[in-house]
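The points below take up a group of charged side chains and then a packing of helices.

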Amino acid sequence: MERLIEILEEIIPGEDVENCTTLVDDNILDSFGIISLVAALEDEYDIVISPAELVPENFNSAASLWEMIQKLSD
């Protein structure tokens, strides 16, 4: 999860990405950020994030992102 936090901080610097639970809902993570994040996560964790996974619930917090990564890694 530490690497996930680092990736989020690179994409959206200056935000409390570790504790925020409204990254998408509050437009902290915009569409370009999501595209960048998906590419970074796919490379870092060797996963494929399908369009069905591109829902706000999966991207609103580091915890929800981590859950998605774990699920896709299985």
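1. A helix is here a DSSP run of H or I with at least four residues, and helices are numbered from the N terminus. The model under discussion is predicted. Helix H1 covers residues 2–11, and Arg3 and Glu6 both lie in it, three residues apart, or about one turn of the helix.

2. Arg3 and Glu6 form a salt bridge, with 3.2 Å between the closest N and O atoms. Arg3 is partly exposed, its relative accessible area being 30%, and Glu6 is likewise partly exposed at 34%.

3. Arg3 also forms a salt bridge with Glu10, where the closest N and O atoms are 3.6 Å apart. Glu10 is exposed, because its relative accessible area of 57% is over the 50% cut-off.

4. A further salt bridge joins the side chains of Arg3 and Glu44, at 3.3 Å from N to O. Since Arg3 belongs to helix H1 and Glu44 to helix H2, this pair ties together parts 41 residues apart in sequence. Glu44 is partly exposed, with a relative accessible area of 38%. Through shared partners, salt bridges join Arg3, Glu6, Glu10 and Glu44 into one network.

5. Helix H2 (residues 31–45) also packs with helix H4 (residues 62–73), at an angle of about 45° and with the axes 12 Å apart. The two helices are therefore oblique to each other, and H2 passes H4 in a right-handed crossing. Leu37, Leu41 and Tyr45 of H2 and Leu65, Trp66 and Ile69 of H4 make the contact. By class, this contact has six nonpolar residues, no polar ones and no charged ones.

Notes
Residues numbered from 1 in each chain as written. Predicted model: local features only at pLDDT ≥ 70, side-chain atom pairs only at ≥ 80, totals over all residues. Heavy atoms only, no water. Axes fitted to C-alpha atoms, helices over the stretch in contact; angles between N-to-C directions. Parallel < 35°, antiparallel > 145°, perpendicular 65-115°, else oblique. Left-handed = near helix turned anticlockwise from the far one by under 90°. Contact = heavy atoms within 4.5 Å. Nonpolar A, V, L, I, M, F, W, Y, C, P; charged D, E, K, R; others polar. Salt bridge = Lys/Arg side-chain N within 4 Å of Asp/Glu carboxyl O. Buried < 20%, exposed > 50% of the residue type's maximum accessible area, 1.4 Å probe, protein only.
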